[in-house]
Amino acid sequence: MKIRHWVSWFCVALVASLALVVASVADDPPATESERAYEIKATMLCPVCDGQNVLESNAPVAAAIRAQVDELVSEGRSDSEIRAWMARQYGKDVNANPPGTGVASLVWIVPVFVAVVSAAFLAFAFRKWRMGRGTEVSDDDLKVVSSLREPT
Amino acid sequence: MTGRNAWTVRLASAGMGLILLGFVVMLATRESGTGAASRSPLIGELVPAVVGVDLNGATFNVDDFSTGWVLINFFASWCVPCEREHPQLAEWGERHKNDGVVVSIPFGDTEQDARAFFAEHGGDWPVLMDRNAAMAVGFGVLRPPESFLVGPGGIVVAKWQGQITADEVDRVVSDLEGKTADR
């Protein structure tokens with residue numbers, strides 16, 4: 001019984017890990033220049049709009065950034081070069097994806113940390129509840145329950 | 001609730017409180033996202049490329065004016081402050097016809113509308129169409145009008161966001177000329 005229980009948990013963990021791996025591997029790099037430009041523009045914020053990326057915005061600055069991204073991609077500039085250039089011209093907030101270093105990296109780290117802590121907490125709570133089920137019922141407990149069930 | 005459980009709850013609450021406090025401190029002390037609007041990383045740097053053929057077919061290159069002042073103005077025909085500042089640009093150009101030049105670059109505008117704007121409001125200085133927005137992005141332009149003053153030597157010395165006056169620009173010119181004379 002106990003082995004079957006652990007096997008089911010192992011299967012859940014295996015499926016979850018496989019799903020994560022497949023999801024990250026399936027995120028293929030862009031096949032064409034226009035796909036690459038599209039991905040960059042989709043993750044670049046319009047500097048004069050509220051939370052709109054440059055693909056969605058009609059602001060002239062968004063049109064200018066779109067045109068420049070197309071130009072720089074066709075020149076063969078790398079994604080990081082283009083992002084660094086735009087961040088220099090319009091501030092680092094122009095990039096919608098936060099960087100992986102510095103304080104902003106907490107955006108990536110905190111969710112993973114919270115997920116791990118939550119999983120550990122749930123495992124601990126389930127274990128405690130299961131152990132609680134095996135407690136012997138004392139005579140005093142039975143007396144309390146029967147007194148509560150007696151009609152008044 | 002037992003004493004041990006109460007302490008666990010208190011510790012967890014204190015931990016959550018500290019994390020929230022950390023976020024509040026981080027948000028309160030971080031650099032403002034609008035900083036790029038008022039400052040320019042270009043000040044003190046060599047002017048980015050401003051090269052092209054103007055609306056009259058003449059070639060313009062900012063590097064050809066490295067001994068004088070260049071006032072680079074990003075404008076749009078639909079922009080009211082641009083319309084209001086236009087006579088001031090003409091005034092500044094007139095004052096500096098021997099040691100400076102104005103160059104206008106339409107931003108978020110069509111060549112047809114830029115031509116109509118100059119036909120209506122006058123101005124005989126170069127107007128360069130910004131193909132692929134290389135110049136606008138090179139100067140980090142957010143919204144018109146924006147102006148940049150390039151000093152002798154090709155160094156960007158000032159940036160204005162919004163409507164400017166000829167006197168405003170000349171205050172910077174006089175200030176820098178005074179500093180140069182003091183040396």
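How many bridges join strand β3 of chain B to β4(B), and do the two run parallel or antiparallel? Seven bridges join β3 (residues 69-75) to β4(B), and the two strands run parallel. The model is predicted: local features need pLDDT of at least 70, side-chain atom pairs count only at pLDDT 80 or more, and totals for chains, interfaces and linings use all residues. Residues are numbered from 1 along each chain as its sequence is written, while chains are lettered from A and ligands numbered from 1 in the order in which they are written.

**The two chains**

- Chain A has six helices and zero strands, and its elements run α-α-α-α-α-α from the N terminus on. Helices (H or I, at least four residues) and strands (E, at least two) are DSSP runs, numbered from the N terminus.
- Chain B has six helices and six strands, in the sequence pattern α-α-β-β-β-α-β-α-α-β-β-α.
- Of the 152 residues in chain A, 16% are buried; of the 183 residues of chain B, 32% count as buried. A residue is buried if 20 or more other C-beta atoms lie within 10 Å of its own, exposed if 12 or fewer, and partly exposed in between, with C-beta atoms placed from the backbone.
- Among contacts with a separation of 6 or more, residues 24 or more positions apart account for 39% in chain A and 73% in chain B. Two residues are in contact if their C-beta atoms, placed from the backbone, lie within 7 Å.

**The sheet of chain B**

- Four strands of chain B form an open sheet in the order β4-β3-β5-β6, with mixed pairing. Strands pair if DSSP finds at least two bridges between them.
- The edges are β4 (100-106) and β6 (155-161) of chain B; each has a single partner strand, so one side of each is left without a neighbour in the sheet.
- From one strand to the next, the twist averages 20°.
- Although β4(B) stands at an edge, six of its seven residues are buried.
- One of the pairs is B:E146 with its bridge partner B:Q161 in β6(B).
- A hairpin is formed by β5(B) and β6(B), with three residues between them; B:G153 in the turn has a positive phi of about 100°.

**Helices of chain B**

- A right-handed β-α-β unit is made by β3(B), α3(B) and β4(B). A crossover is right-handed if, with the strands pointing away from the viewer, the path from the first strand over the helix to the second runs clockwise.
- Helix α3 (residues 80-95) and helix α6 (residues 166-182) of chain B pack at an angle of about 40°, with their axes 8 Å apart. Axes are lines fitted to C-alpha atoms, for helices over the stretch in contact, and angles run from 0 to 180 degrees between N-to-C directions.
- That angle makes α3(B) oblique to α6(B). Angles under 35 degrees count as roughly parallel, over 145 as roughly antiparallel, 65 to 115 as roughly perpendicular and the rest as oblique.
- On the α3(B) side the contact is made by B:Q88, B:E91, B:W92 and B:R95, and on the α6(B) side by B:A166, B:V169 and B:D170.
- By class, this contact has three nonpolar, one polar and three charged residues. Ala, Val, Leu, Ile, Met, Phe, Trp, Tyr, Cys and Pro count as nonpolar, Asp, Glu, Lys and Arg as charged, and the others, Gly among them, as polar.

**B:W69**

- B:W69 lies in strand β3 of chain B and counts as buried because it has 22 C-beta neighbours inside 10 Å.
- Leaving aside neighbours within four places in sequence, the contacts of B:W69 include B:H96, B:D99 and B:G100, as well as B:L149, B:V150 and B:V173.
- B:W69 and B:V101 are 32 residues apart along the chain, and their C-alpha atoms are separated by 6.4 Å.

**Where the chains touch**

- 16 residues of chain A are in contact with 16 residues of chain B.
- On the side of chain A that touches chain B, the elements giving two or more residues are α3 (60-74) and α4 (79-90) of chain A. The largest share, eight residues, comes from α3(A).
- The residues of that side of chain A divide into ten nonpolar, three polar and three charged.
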